Amino acid sequence: MIQVSRRWWMAAGVAVCVGVMAVGCSLRRGIEPQVATPAEGWSPNTAIDVRNFHGSVTVIVDPLVTNLVPNVVAGAKPPPDSMMDSRGTETVNVVFEWLEQEGGRVLKVRSGTTWHDPAEVWADITLRVPSCSGAMIWNRGGPVELIGVTGAIQVDNGRFADSSGPIRVRTDKPVTSPVALTTEEGTVLLQIPTASMGMFELASGEGSVELASTTIRPNFVTSDGQTTRAQINGGTNAILLRSYKGTVCAMVIENPESYTNKWK
(Lines give C-alpha, C1' and ligand atoms only; values in the text may rest on other atoms or scores of the structure.)
Protein backbone atom coordinates (compact mmCIF):
# COMPACT_ATOMS: atom_id res chain seq x y z
CA MET A 1 0.00 0.00 0.00
CA ILE A 2 1.24 3.45 -0.88
CA GLN A 3 0.22 6.24 1.45
CA VAL A 4 1.05 9.89 1.50
CA SER A 5 -0.41 11.55 4.57
CA ARG A 6 -0.34 14.69 6.75
CA ARG A 7 -0.85 13.89 9.94
CA TRP A 8 -30.97 8.74 7.10
CA TRP A 9 -37.85 6.37 7.65
CA MET A 10 -40.38 8.78 6.34
CA ALA A 11 -43.35 10.44 8.24
CA ALA A 12 -45.83 13.14 7.24
CA GLY A 13 -46.34 15.91 9.75
CA VAL A 14 -44.78 13.94 12.61
CA ALA A 15 -41.93 14.95 14.85
CA VAL A 16 -39.22 12.33 14.92
CA CYS A 17 -36.18 12.43 17.11
CA VAL A 18 -33.93 11.34 14.27
CA GLY A 19 -32.88 13.02 11.10
CA VAL A 20 -29.77 13.73 9.20
CA MET A 21 -29.88 17.47 9.16
CA ALA A 22 -31.25 18.67 12.48
CA VAL A 23 -29.89 18.14 15.92
CA GLY A 24 -32.54 16.55 18.15
CA CYS A 25 -36.12 16.25 16.92
CA SER A 26 -37.09 17.09 13.35
CA LEU A 27 -40.21 17.02 11.16
CA ARG A 28 -40.18 14.79 8.08
CA ARG A 29 -42.58 14.75 5.10
CA GLY A 30 -42.34 12.51 2.06
CA ILE A 31 -42.63 14.27 -1.31
CA GLU A 32 -44.03 12.41 -4.32
CA PRO A 33 -41.93 13.62 -7.26
CA GLN A 34 -43.78 14.63 -10.42
CA VAL A 35 -41.54 13.05 -13.01
CA ALA A 36 -42.69 11.36 -16.21
CA THR A 37 -40.95 8.28 -17.52
CA PRO A 38 -39.48 8.74 -21.01
CA ALA A 39 -41.45 6.75 -23.60
CA GLU A 40 -38.39 4.78 -24.63
CA GLY A 41 -37.37 4.09 -21.06
CA TRP A 42 -34.14 4.82 -19.31
CA SER A 43 -31.24 5.54 -21.60
CA PRO A 44 -27.78 4.28 -20.68
CA ASN A 45 -26.48 7.71 -21.74
CA THR A 46 -28.25 9.57 -18.95
CA ALA A 47 -26.45 12.03 -16.75
CA ILE A 48 -27.77 13.50 -13.49
CA ASP A 49 -27.70 17.18 -12.56
CA VAL A 50 -28.87 18.03 -9.01
CA ARG A 51 -28.92 21.39 -7.24
CA ASN A 52 -30.12 21.09 -3.64
CA PHE A 53 -30.33 24.22 -1.50
CA HIS A 54 -29.95 22.33 1.80
CA GLY A 55 -29.94 18.65 2.70
CA SER A 56 -28.44 15.54 1.20
CA VAL A 57 -28.06 13.94 -2.23
CA THR A 58 -27.59 10.21 -2.85
CA VAL A 59 -27.29 8.61 -6.30
CA ILE A 60 -27.20 4.80 -6.47
CA VAL A 61 -26.70 2.83 -9.68
CA ASP A 62 -28.73 -0.35 -9.16
CA PRO A 63 -28.84 -3.01 -11.93
CA LEU A 64 -32.02 -4.43 -10.34
CA VAL A 65 -34.09 -1.37 -11.34
CA THR A 66 -35.15 -0.52 -14.90
CA ASN A 67 -36.05 3.13 -14.41
CA LEU A 68 -35.68 6.01 -12.01
CA VAL A 69 -36.75 5.26 -8.43
CA PRO A 70 -36.74 8.55 -6.52
CA ASN A 71 -37.17 9.06 -2.79
CA VAL A 72 -37.52 12.64 -1.60
CA VAL A 73 -38.10 13.70 2.00
CA ALA A 74 -38.54 17.27 3.25
CA GLY A 75 -37.33 18.03 6.72
CA ALA A 76 -37.65 20.94 9.13
CA LYS A 77 -36.75 21.94 12.61
CA PRO A 78 -40.00 22.01 14.65
CA PRO A 79 -41.05 25.40 16.01
CA PRO A 80 -40.72 25.60 19.80
CA ASP A 81 -44.45 26.27 20.32
CA SER A 82 -45.72 23.24 18.36
CA MET A 83 -43.89 19.96 17.78
CA MET A 84 -46.57 18.94 15.25
CA ASP A 85 -46.39 22.05 13.06
CA SER A 86 -45.28 20.83 9.63
CA ARG A 87 -45.56 24.14 7.79
CA GLY A 88 -41.85 24.26 7.27
CA THR A 89 -41.72 20.96 5.38
CA GLU A 90 -44.69 22.03 3.21
CA THR A 91 -42.66 24.91 1.80
CA VAL A 92 -39.99 22.60 0.38
CA ASN A 93 -40.39 21.74 -3.30
CA VAL A 94 -38.35 19.49 -5.59
CA VAL A 95 -38.73 19.68 -9.37
CA PHE A 96 -37.63 17.02 -11.87
CA GLU A 97 -37.04 17.78 -15.56
CA TRP A 98 -35.67 15.86 -18.54
CA LEU A 99 -33.30 17.59 -20.91
CA GLU A 100 -32.38 16.12 -24.29
CA GLN A 101 -28.86 16.93 -25.34
CA GLU A 102 -26.54 15.83 -28.09
CA GLY A 103 -25.07 12.53 -27.06
CA GLY A 104 -27.54 11.77 -24.30
CA ARG A 105 -30.17 12.85 -21.78
CA VAL A 106 -29.93 14.74 -18.51
CA LEU A 107 -32.15 14.27 -15.48
CA LYS A 108 -32.29 17.72 -13.87
CA VAL A 109 -33.38 18.02 -10.23
CA ARG A 110 -33.85 21.32 -8.42
CA SER A 111 -34.99 21.97 -4.85
CA GLY A 112 -36.14 25.16 -3.15
CA THR A 113 -38.21 26.61 -0.34
CA THR A 114 -40.34 29.66 0.49
CA TRP A 115 -39.62 29.30 4.21
CA HIS A 116 -38.30 32.48 5.80
CA ASP A 117 -35.12 30.74 6.96
CA PRO A 118 -33.68 28.11 4.59
CA ALA A 119 -31.39 26.92 7.36
CA GLU A 120 -34.47 25.50 9.19
CA VAL A 121 -35.69 23.31 6.29
CA TRP A 122 -34.07 20.90 3.88
CA ALA A 123 -34.57 18.16 1.25
CA ASP A 124 -33.03 14.69 1.34
CA ILE A 125 -32.92 13.43 -2.26
CA THR A 126 -32.17 9.79 -3.15
CA LEU A 127 -32.11 8.64 -6.78
CA ARG A 128 -31.85 4.93 -7.58
CA VAL A 129 -31.16 4.46 -11.29
CA PRO A 130 -30.17 1.69 -13.77
CA SER A 131 -27.12 3.65 -14.90
CA CYS A 132 -25.56 7.08 -14.71
CA SER A 133 -23.12 8.32 -17.31
CA GLY A 134 -22.10 11.47 -15.48
CA ALA A 135 -23.09 13.57 -12.48
CA MET A 136 -23.09 17.24 -11.51
CA ILE A 137 -24.15 17.85 -7.91
CA TRP A 138 -24.41 21.12 -5.97
CA ASN A 139 -25.46 20.75 -2.35
CA ARG A 140 -25.15 22.45 1.01
CA GLY A 141 -25.41 21.32 4.60
CA GLY A 142 -25.42 17.54 4.26
CA PRO A 143 -23.70 14.55 2.71
CA VAL A 144 -23.42 13.74 -0.99
CA GLU A 145 -22.90 10.06 -1.84
CA LEU A 146 -22.55 8.59 -5.33
CA ILE A 147 -22.38 4.82 -5.86
CA GLY A 148 -21.65 3.20 -9.23
CA VAL A 149 -21.65 6.44 -11.23
CA THR A 150 -19.51 6.60 -14.37
CA GLY A 151 -18.32 9.38 -16.65
CA ALA A 152 -17.37 12.88 -15.59
CA ILE A 153 -18.26 13.71 -12.00
CA GLN A 154 -18.44 17.14 -10.40
CA VAL A 155 -19.58 17.65 -6.80
CA ASP A 156 -19.62 21.03 -5.06
CA ASN A 157 -20.71 20.65 -1.44
CA GLY A 158 -20.30 22.70 1.70
CA ARG A 159 -21.33 23.66 5.18
CA PHE A 160 -24.79 25.23 5.86
CA ALA A 161 -26.63 25.80 9.14
CA ASP A 162 -25.41 23.17 11.61
CA SER A 163 -24.10 20.62 9.11
CA SER A 164 -20.96 20.19 7.06
CA GLY A 165 -20.77 18.89 3.49
CA PRO A 166 -18.98 15.53 3.25
CA ILE A 167 -18.60 13.79 -0.12
CA ARG A 168 -18.28 10.04 -0.73
CA VAL A 169 -17.93 8.49 -4.20
CA ARG A 170 -17.35 4.80 -4.85
CA THR A 171 -17.62 2.95 -8.13
CA ASP A 172 -16.52 -0.39 -9.58
CA LYS A 173 -16.30 1.11 -13.09
CA PRO A 174 -12.84 2.33 -14.06
CA VAL A 175 -12.52 6.10 -13.84
CA THR A 176 -11.09 7.59 -17.04
CA SER A 177 -12.93 10.97 -17.11
CA PRO A 178 -12.42 14.15 -15.09
CA VAL A 179 -13.53 14.13 -11.46
CA ALA A 180 -13.82 17.17 -9.16
CA LEU A 181 -15.00 16.74 -5.56
CA THR A 182 -14.80 19.91 -3.48
CA THR A 183 -16.29 20.98 -0.17
CA GLU A 184 -15.92 23.90 2.18
CA GLU A 185 -16.03 21.60 5.20
CA GLY A 186 -16.22 17.81 5.50
CA THR A 187 -14.51 14.59 4.49
CA VAL A 188 -13.91 13.91 0.79
CA LEU A 189 -13.56 10.21 -0.09
CA LEU A 190 -13.09 8.64 -3.53
CA GLN A 191 -12.94 4.84 -3.97
CA ILE A 192 -12.17 3.60 -7.48
CA PRO A 193 -10.92 0.34 -9.07
CA THR A 194 -7.36 -0.40 -10.02
CA ALA A 195 -8.05 -0.07 -13.78
CA SER A 196 -8.73 3.64 -13.28
CA MET A 197 -6.38 6.33 -14.48
CA GLY A 198 -5.81 10.00 -13.91
CA MET A 199 -3.77 12.89 -12.65
CA PHE A 200 -4.63 13.29 -8.98
CA GLU A 201 -4.58 16.43 -6.87
CA LEU A 202 -5.58 15.97 -3.25
CA ALA A 203 -5.66 19.04 -1.01
CA SER A 204 -6.91 19.97 2.45
CA GLY A 205 -6.57 23.25 4.26
CA GLU A 206 -7.14 21.87 7.76
CA GLY A 207 -7.02 18.09 7.55
CA SER A 208 -5.03 15.07 6.48
CA VAL A 209 -4.48 13.98 2.89
CA GLU A 210 -4.09 10.35 1.86
CA LEU A 211 -3.61 8.48 -1.40
CA ALA A 212 -3.89 4.72 -0.91
CA SER A 213 -3.31 2.04 -3.52
CA THR A 214 -3.29 -1.67 -2.71
CA THR A 215 -1.88 -2.98 -5.99
CA ILE A 216 -1.11 -0.06 -8.32
CA ARG A 217 2.06 1.93 -7.98
CA PRO A 218 1.61 5.56 -9.11
CA ASN A 219 3.77 6.84 -11.94
CA PHE A 220 4.83 9.57 -9.54
CA VAL A 221 3.83 11.09 -6.20
CA THR A 222 4.73 14.51 -4.86
CA SER A 223 3.58 16.29 -1.71
CA ASP A 224 4.31 19.63 -0.07
CA GLY A 225 2.49 18.79 3.17
CA GLN A 226 -0.87 20.29 2.12
CA THR A 227 -1.31 19.06 -1.45
CA THR A 228 -0.52 15.63 -2.87
CA ARG A 229 -0.19 15.13 -6.62
CA ALA A 230 0.09 11.77 -8.35
CA GLN A 231 -0.47 9.99 -11.66
CA ILE A 232 -2.13 6.57 -11.90
CA ASN A 233 -1.81 4.26 -14.94
CA GLY A 234 -0.49 7.09 -17.10
CA GLY A 235 -3.86 8.95 -17.10
CA THR A 236 -4.15 12.63 -18.03
CA ASN A 237 -7.77 13.19 -16.86
CA ALA A 238 -7.82 15.51 -13.87
CA ILE A 239 -9.01 14.07 -10.54
CA LEU A 240 -9.35 16.84 -7.95
CA LEU A 241 -10.30 16.21 -4.32
CA ARG A 242 -10.35 19.24 -2.05
CA SER A 243 -11.68 20.10 1.39
CA TYR A 244 -10.92 23.43 2.94
CA LYS A 245 -11.64 21.96 6.36
CA GLY A 246 -11.65 18.18 6.47
CA THR A 247 -9.89 14.97 5.53
CA VAL A 248 -9.25 14.02 1.91
CA CYS A 249 -8.67 10.43 0.75
CA ALA A 250 -8.43 8.65 -2.59
CA MET A 251 -8.37 4.83 -2.57
CA VAL A 252 -7.46 2.77 -5.63
CA ILE A 253 -8.59 -0.71 -4.60
CA GLU A 254 -10.27 -3.92 -5.73
CA ASN A 255 -14.12 -3.93 -5.54
CA PRO A 256 -14.44 -0.37 -4.21
CA GLU A 257 -18.27 -0.40 -4.07
CA SER A 258 -18.13 -3.27 -1.61
CA TYR A 259 -15.87 -1.40 0.74
CA THR A 260 -18.40 0.50 2.88
CA ASN A 261 -16.40 1.18 5.99
CA LYS A 262 -16.83 4.96 6.23
CA TRP A 263 -13.40 6.48 6.18
CA LYS A 264 -12.97 9.61 8.28
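Reader: Why does tryptophan 42 count as buried?
Author: This is a predicted model. In it, tryptophan 42 has 12% relative accessibility. Buried means under 20%, so tryptophan 42 counts as buried.

Reader: What makes tryptophan 42 and tryptophan 98 an edge-to-face pair?
Author: Take the distance and then the angle. The ring centres are 5.7 Å apart, and rings pair if their centres lie within 6.5 Å. The planes stand at 75 degrees.

Reader: Which parts does the pair tie together?
Author: Tryptophan 42 is in the loop between strand E2 (26–31) and strand E3 (46–52), while tryptophan 98 is in strand E6. The pair therefore links parts 56 residues apart in sequence.

Reader: How do you know that arginine 105 lies over the face of tryptophan 98?
Author: Arginine 105 is at 5.6 Å from the ring centre. The distance cut-off is within 6 Å, and the direction must be within 35 degrees of the ring normal. Arginine 105 is listed as lying over the face. Arginine 51 lies over the face of tryptophan 138, at 4.1 Å from the ring centre.

Reader: What makes E6 an edge strand?
Author: Strand E6 (92–101) pairs on one side only, and so does strand E17 (220–223). The open sheet has 10 strands, in the order E6-E7-E3-E9-E11-E13-E19-E15-E18-E17, with mixed pairing. The twist averages 10 degrees from one strand to the next.

Reader: How do you know that E15 and E18 pair?
Author: Pairing needs at least two bridges. E15 (residues 198–204) and E18 (residues 227–232) are joined by 6 bridges, and they run antiparallel. Methionine 199 stands opposite glutamine 231 in E18.

Technical notes:
Residues are numbered from 1 along each chain as its sequence is written. This is a predicted model: local features need pLDDT of at least 70, side-chain atom pairs count only at pLDDT 80 or more; totals for chains, interfaces and linings use all residues. Side-chain values use heavy atoms; hydrogens and water are left out. Helices (H or I, at least four residues) and strands (E, at least two) are DSSP runs, numbered from the N terminus. Axes are lines fitted to C-alpha atoms, for helices over the stretch in contact, and angles run from 0 to 180 degrees between N-to-C directions. Rings of Phe, Tyr and Trp (its six-membered ring) pair if their centres lie within 6.5 Å; planes under 30 degrees apart count as stacked, over 60 as edge-to-face and the rest as tilted. Buried means under 20% relative accessible area, exposed over 50%, partly exposed in between (1.4 Å probe, protein chains only).
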